[in-house]
Amino acid sequence: MVDQDSTQPTTPPAGLRNRHIAMIALGGIIGAGLFVGSSAAIAATGPAVLLAFLAVGFLVILVMRMLGEMVTADPGRGSFVEYIRAAHGDRLGFTAGWLYWFFWVVVLGSEAIAGALLLQDWIAMPVWLLSIVLIVLLKLVNFAAPRVFGECEFWLSMIKVISIVAFIGAALLYVFHVFGPGVPVRENVLGHGGFFPHGAVAVLSIIPTILFTMMGSEIATVAAAESPEPGKNVARVTRSIGTRVTLFYLASVAMILMVVPWPSIIPGRSPFVTAMDAMGVPGAGLLMRIVVLSAVLSCLNSSMYITSRILTELAGGGDAPGILARKSHTHTPRLAITVSSVAGTLVAFSSILAPNTIFAFLLSCSGGVILVVYCLIVSAYVQTRKRAEQAGQGDGFNLPLFPFCNYATLLAVAFVFIAMMFNPAERMTAIASLGTSVFFFVLASLKNKRA
């Protein structure tokens, strides 16, 4: 039976504070994908990777702006899934919720393995056992009151933010010859095949990979529901987070490209370490290992949080077993957290037992679904705003160039999928992601027929 307190609209006494929301929004996006995964993007596109980061950043800015306006105009619905449901009906609400949950469960399992591999150099334990230990530890953090989660995420995110700011500052001093030898910036950036060494199509096809690294800003809109002023916090976060994250990513990647020639970036090896080694920063490898570990733990923490909240919301709407909506005396959905952590553990095990089959398949299935989810948010905004304007209540919506900018966003996503189809390395991800989206939509249709 659901705790009586958990059904009350008031915020729990152990809810998230404003500083938690702000850092969850910023730090939740900056993860190992930037510190390590960006190496693959740089190697695949060269300096043109900046355009890809700019394009994805602009997409995040737009989506967050649309989401913020919907929440501000109609506060209290829940996560973005409920706004998709309100605009498009139960089938697409079901599809969006389960796609999003699936995406973050795969992230949870992947990050658990990444964290275990990092710790294995310090702790002599098998990878599978270390991954379980990490998941259990973060599960216990999420079992506590929401404020405990927020405090952990605040400090883990603070490490990442401070590290990026310090790196950008050191790189600027190096580029301007304040310390170290002179660096040929123009030669490093343009002297190895120009700005588009692998062509413009490579920029489009790498966008899903970059989006994966910049994903997570919408977590703050879910977390804000557990804060004292959810409406104000959502509005505050959505206005600024996309721009801040884009600047962080662009500035740090631009500094890397200026400090070292882009062909020296090796996929799978942190480009930050490569740049810091070139600048002569002592202990660069160890420093980055600590930062990446904090990023992995932060991502694990956020993944467990968001999967449990989405699962709870799906259960509340009848799209998942109702028992998953139960909350403990600390106002946390412990059963939903347990289910998500078990699912993440299975994903982690698949990366050990069948890395080239099951795990590769799961990565392909989840790789592009976030584009589908973002499209549903964009189309939900169009529908919601049109309805509000027809009812004479559209004053809260002020996104410029409506609805042309929305349709342009949807068209851009379609072009990305087309580019992925033409890229052999990304083709399976595009097909599997679209197939996964169809699979959940079919499940939603079957569920509605039974109802």
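1. Basis. The model is predicted, so local features need pLDDT of at least 70 and side-chain atom pairs count only at pLDDT 80 or more, while totals for chains, interfaces and linings use all residues. Residues are numbered from 1 along each chain as its sequence is written, and side-chain values use heavy atoms, with hydrogens and water left out.

2. Helices α4 and α17. Helix α4 (residues 80-88) and helix α17 (residues 369-390) have axes that come within 8 Å and cross at roughly 55°. α4 is therefore oblique to α17 (under 35 degrees is roughly parallel, over 145 roughly antiparallel, 65 to 115 roughly perpendicular, the rest oblique). Axes are lines fitted to C-alpha atoms, for helices over the stretch in contact, with angles from 0 to 180 degrees between N-to-C directions. Helices are DSSP runs of H or I with at least four residues, numbered from the N terminus. The crossing of α4 and α17 is left-handed (the near helix is turned anticlockwise from the far one by less than a right angle; clockwise is right-handed).

3. Contact of α4 with α17. On the α4 side, the residues include Phe-80, Tyr-83 and Ile-84; on the α17 side, they include Val-373, Leu-376 and Arg-387. Contact means heavy atoms within 4.5 Å. The residues of this contact divide into 9 nonpolar, 4 polar and 1 charged (Ala, Val, Leu, Ile, Met, Phe, Trp, Tyr, Cys and Pro are nonpolar, Asp, Glu, Lys and Arg charged, the others, Gly among them, polar).

4. Helices α5 and α19. Helix α5 (residues 90-120) packs on helix α19 (residues 424-450) at an angle of about 135°, with the axes 8 Å apart. The two are therefore oblique to each other, and their crossing is right-handed. Among the contact residues are Asp-90, Arg-91 and Trp-98 of α5 and Phe-440, Phe-441 and Lys-447 of α19. The residues of this contact divide into 9 nonpolar, 5 polar and 3 charged.

5. Leu-346. This residue lies in helix α15 (residues 334-353). Leu-346 counts as exposed because its relative accessibility is 58% (buried is under 20% relative accessible area, exposed over 50%, partly exposed in between; 1.4 Å probe, protein chains only). From C-alpha to C-alpha, Leu-346 is 30 Å from Pro-271, at a sequence separation of 75 residues.

6. Cysteines. The whole structure has 0 disulfides (a disulfide is a pair of cysteine sulfur atoms within 2.5 Å). For Cys-299, the closest cysteine sulfur is in Cys-152, 15 Å away and too far for a bond; Cys-299 is buried at 15% relative accessibility. For Cys-375, the closest cysteine sulfur is in Cys-405, 13 Å away and too far for a bond; Cys-375 is buried at 18%.
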